[in-house]
Amino acid sequence: MKVMCGTLLTPKEQLKGVSIIVEDGKIKDIVPSTALPDESDCVDASSYWVVPGFVDPHTHIGIYRLEGESGDHGFEASDTLTPQLNVVDGLDPFDPAFDDALQSGVTTVGILPGSYMSFGSSVERITIMPGQGAIYKTNRRLIRRSAFIKCALGEHPKRFLSERKMVPTTRMGIMAEIRSILLQAQRYMKNPNEKINPKLEAIIPVLKKEIPLRVHAHTLRDILAAKKLAEEFDIRIILDHATEAHLIKEELRDIPIVYGPIVFSRRGVELKNLDSSNLSQVKGLDFCLTTDHPTIPIQYLDLLAGLSLSEGFSLQEALSLITINAARILGIGDQTGSIEIGKDADLVVLSNRPFEPDTKVICTIVDGQVQWRSQV
Amino acid sequence: MIAIAGGTVWTGFEVIEDGLILVKDGKISYAGKRKRFDSRYKVIDAKGKFVCPGFVDAHSHIGLIPEGLDWEYSDVNDFSGPITPQMRAIDAIDFFDKAFSDAISGGVTTVYTGPGSANVIGGVGLITKTTGRVLVEQAALKMALGPKGIREYKSKESYPTTRMGTVALLRNTFLEVKKWMEDPKELDESKKIQYELISKVLKREMMAKIHLSTSPDEINAVLDIIKEFNLDATIDHVFAGDLLAERIKESGVPVVYGPAMISKLYSAFRYVSDAIPVKLCHAGVLVALMTDHPVIPQKHLRLLGSVVVRNGLSYDETLKMITINPAKMLKIDDKVGSISPNKDADILIFSDHPLKVSSRLLIAIVDGEVVFQQP
């Protein structure tokens, strides 16, 4: 396949008059365009913009299905620590949100256990360590099964457990539980003769730094607790939400952050400092943006990123927040997130500049295949 | 006295290039082409900028659900019973809530705020400037459709548990009040307060704001009730409005869509589509947008406008949905919602068209005072 680009944003560079050569689902080459489409398998985007497929590292697509039955599918409420569970085992591939994603240029999503931020309650329904998350292309291709383990700090697990008459019920208790399971897993890892323990087995890749621990933390103190935990156990963490990150920017230079959703109600004390205009203050940190779909529907990921334009981000910086930064933080930056030779051909053809509300997605290409094309 | 000189002035009715707006005593005294003016005016240079009226949010709960606190601090839903017209937003509103200054930083200068949707008749909402100046203390009686469920609270009357039950209770209440209006019998004081408020709506002295229209049957039912009792009403949310666009158009009833940008997660929201305001507008219905603050923070009203543009409406038609259209349906278009002589000087200066996400609010003026300036 050949994609003739009008304007190409890689997003590191802005190029004009080039074509992307796609072979076996990968970007094989980027060459100067010839005058006319010379192949049958050619996407003529010569009057359009071409950008990398968007990446949202923090969604609950397929776990909380749109128009689906109500109920909790994101965590096992019978236990506070369930690192052995994996979202793949409860995921509905027919969730229409996959199509919403394709139609709006989102090609890769991280899918997490736990819950989403629901407007209707002060408490996000989540246990301390609900399980493993996965990474999917929105063509439903699973690209990482056990991509990370999620855990949650602060008011949400604390209150949810307390509502359910479960323990622990304090921040101290939550940290103690997490430390305890990590310590057990450290010992387990060194003793090959021990009986198989699925929970501890699941944690080994975190201890070996093969996968990150993704830590749901909103407040300053929970962010700092997560940082301490990472230092104590020498593990990789990703901060999710990080609502108060702007208050301790200097402390967070080396920690990747999945930030947001930046448009949400300041519901409850934990979110009292939530504000999309904090973007200008977290600029410079290693971060990307998220919808936390279904909190904000996945199709509006780019509009959220567009808000950064009014907070002093350039077009390329804004685009990076939902492409290369997101892919890199997910650990798949060598595979997708930018338009470079050797990467997956995940491309979006836009009618005009990205982020303009009247810009339309003309077509979405995932793994070198056109997955969605506008009727217009 | 302020003169806003130059720029593209979008008045709500027309676009004036290189315009001039003169503000005197909190009101607009002139809006039109650039002309000579008195040197006593303080000049704000709007050259290269986009000037438009302050935004109006037709449906929110600002000041009634506080920012940064939990639900136990919320004052929108009182479970005293399914019919509570006596609940008044003015008795609970906190004008010092952070959301007000935030709303101003997003260009929202006038809002409707009122009780929530837990009851069939929830109470009386008000219209205020986000600076705290109340425009209409008793603006609309809020009603809400949908099943109300079985509440844990012990109220004197039980709550309807089906859509049919809610509509039947609403209709019975109106019929009873109508009978009382024709033959005013002695009522105990608490009942009398209720009946008097409902009778205002039946006499069209107060507007009805009918919420939670989330499915075609609910919109049909609400249109029937509006017709049967000849109400001066708006239908709010209209999550299946596109399916009944023709009927809504024929009824002449204005609608408030939204909030946009919410997901179809709950089965009750299966008809949600942010293309609804586009289709209703094309059908000729008067449409406004809502944030339903705090569902979407009020300052993001214009972002919801961008969402509607994304779904296919023009920038300028969409801008009307957060300015002149809500002003018309809230019956305050003689004061706000457009830039024309004798209206309140609620004026925004943006770096670009406000529905472009990259646009920045530079200056906000309410009642002739600069209340926000980009630092």
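User: In this predicted model, how are helix H2 and helix H4 of chain B oriented to each other, given the angle at which they pack?

Analyst: The model is a predicted one, and in chain B helix H2 (residues 163-182) packs with helix H4 (residues 216-228) at an angle of about 10 degrees, the axes being 11 Å apart. Angles under 35 degrees count as roughly parallel. H2(B) and H4(B) are therefore roughly parallel to each other.

User: Which residues of H4(B) make the contact with H2(B), and how does the contact divide by class?

Analyst: From H2(B) the contact draws on Arg163(B), Val167(B), Leu170(B) and Arg171(B), while H4(B) contributes Asp217(B), Glu218(B), Ala221(B) and Ile225(B). By class, the contact of H2(B) with H4(B) comprises four nonpolar, no polar and four charged residues.

User: How are helix H3 and helix H4 of chain A oriented to each other, and what is the class make-up of their contact?

Analyst: In chain A the axes of helix H3 (residues 171-190) and helix H4 (residues 198-207) come within 9 Å and cross at roughly 90 degrees, which makes H3(A) roughly perpendicular to H4(A). On the H3(A) side the residues include Ile181(A), Leu182(A) and Tyr188(A), and these belong to a set that meets Leu200(A), Ile203(A), Ile204(A) and Leu207(A) in H4(A). By class, the contact of H3(A) with H4(A) has nine nonpolar, two polar and no charged residues.

User: How compact is chain B for its 375 residues?

Analyst: The secondary structure of chain B comes to nine helices and 18 strands. The radius of gyration of chain B is 21 Å, close to the 21 Å that the globule rule gives for 375 residues, so chain B is as compact as a globular protein of that length.

User: Which strand supplies the largest share of the side of domain 1 of chain B that touches domain 2 of chain B?

Analyst: The domain assignment of chain B gives domain 1 (1-53 + 338-375) and domain 2 (55-336), and their contact takes 19 residues from domain 1 and 23 residues from domain 2. On the domain 1 side, strands S7 (50-53), S17 (361-366) and S18 (369-373) of chain B each supply at least two residues. The largest share, three residues, comes from S17(B).

User: How many residues of chain B are in contact with chain A, and which classes do they fall into?

Analyst: The contact brings 28 residues of chain B together with 27 residues of chain A. By class, the chain B side has 14 nonpolar, seven polar and seven charged residues.

Conventions:
Residues numbered from 1 in each chain as written. Chains lettered and ligands numbered in written order. Predicted model: local features only at pLDDT ≥ 70, side-chain atom pairs only at ≥ 80, totals over all residues. Axes fitted to C-alpha atoms, helices over the stretch in contact; angles between N-to-C directions. Helix = DSSP H or I, 4+ residues; strand = E, 2+ residues; numbered from the N terminus. Parallel < 35°, antiparallel > 145°, perpendicular 65-115°, else oblique. Contact = placed C-beta atoms within 7 Å. Nonpolar A, V, L, I, M, F, W, Y, C, P; charged D, E, K, R; others polar. Rg over C-alpha atoms; globule rule 2.2 N^0.38 Å. Domains from an automatic or database assignment.
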